Amino acid sequence: MQQGQTLAGVKIEAFPEKTMIFGLFRKKNNNQAIVDRQYAALTAAARMPDLYERLNVPDTVMGRFEMLSIVMILFFRRTRASAVSGQEIAQEIVDAFFQDIDYSIRELGIGDNSVPKRMKKLAGMFYGRLEAYSKAMDAGDREALALALQRNIYPESPAPADMSGLAGWMMAAEAHLSAIPEEMIAGGAAKLPPVANSSVA
């Protein structure tokens, strides 16, 4: 794969105490097995059929991007209070996420000259979602979260689907991740919960 440009110096306004630097293709060999295991668990969570069949996420390229963004945001929020090892893993996982996006763009036949521009746009979308979802979740406001999800997942629809079920699942998933012990985070063993009946109530 050809390397893309580095997205560096991005300040995440949802976490004003931190400025996170994400180098798209930085690899740390000592963390690689852990990162691979955790990234596989997160991407599997983003592909759970119930998210698309019961929670109104469209099973499209952009719908899958939205769900991948959501699970990355949930994991990143969990690791913001982790020790250094957990935060390093989170950074490498976000790196892997953007690397996958870069690869997917190239697989679609997008020319090399257009890839950096598209990557910049998608990165901006991701960080915008991180800020918007974090604001609602920090306030415990499921309705505001559902509206933010609706705006992002159905941006041009005159009759967007109800996203309260997905908002409920995100709230439940955050509680689930918060209860996971730190050693599981450091070992790349964190998993997101399935879609429970309470998530769509």
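## Salt bridges

The structure holds seven salt bridges. The model is a predicted one.

One of the salt bridges pairs Glu66 with Arg129, whose closest N and O atoms are 2.8 Å apart. This pair links distant parts of the chain, with Glu66 in helix H3 and Arg129 in helix H5 (residues 115–138), 63 residues apart. Glu66 is buried, with a relative accessible area of 3%, and Arg129 also counts as buried, at 8% relative accessibility.

## Arg77 and Glu174

Arg77 forms a salt bridge with Glu174, and their closest N and O atoms are 2.6 Å apart. Because Arg77 lies in helix H3 and Glu174 in helix H7, the pair ties together parts that are 97 residues apart in sequence. Arg77 counts as buried at 4% relative accessibility. Glu174 has a relative accessible area of 17% and is therefore buried, the cut-off for that class being under 20%.

Apart from its neighbours within four places in sequence, Glu174 is in contact with Leu74, Arg77 and Met137.

## Arg78 and Glu182

A further salt bridge joins Glu182 to Arg78, with the closest N and O atoms 3.2 Å apart. Here the linked parts are helix H8 (residues 182–186), which holds Glu182, and helix H3, which holds Arg78; the two residues are 104 residues apart. Glu182 is partly exposed at 29% relative accessibility, whereas Arg78 is buried, with a relative accessible area of 11%. Salt bridges that share partners also join Arg77, Arg80, Asp138 and Glu174 into one network.

## Packing of H3 and H7

How do the axes of helix H3 and helix H7 cross, and within what distance do they come? The axes of H3 (residues 61–79) and H7 (residues 164–178) come within 9 Å and cross at roughly 35°. The crossing of these two helices is right-handed. On the H3 side, the contact is made by Met67, Ile70, Val71, Leu74, Phe75, Arg77 and Arg78. On the H7 side, the residues are Leu166, Trp169, Met170, Ala173, Glu174, Leu177 and Ser178. By class, the contact has 10 nonpolar, one polar and three charged residues.

## Helix H7

The 15 residues of H7 should span 21 Å at 1.5 Å a residue, and the end C-alpha atoms of H7 are 21 Å apart, which agrees. The buried residues of H7 include Gly165, Leu166, Ala167, Gly168 and Trp169. Met170, Ala173, Glu174 and Leu177 of H7 are buried as well.

Technical notes: Residues numbered from 1 in each chain as written. Predicted model: local features only at pLDDT ≥ 70, side-chain atom pairs only at ≥ 80, totals over all residues. Heavy atoms only, no water. Axes fitted to C-alpha atoms, helices over the stretch in contact; angles between N-to-C directions. Helix = DSSP H or I, 4+ residues; strand = E, 2+ residues; numbered from the N terminus. Left-handed = near helix turned anticlockwise from the far one by under 90°. Contact = heavy atoms within 4.5 Å. Nonpolar A, V, L, I, M, F, W, Y, C, P; charged D, E, K, R; others polar. Expected span 1.5 Å × (residues − 1). Buried < 20%, exposed > 50% of the residue type's maximum accessible area, 1.4 Å probe, protein only. Salt bridge = Lys/Arg side-chain N within 4 Å of Asp/Glu carboxyl O.
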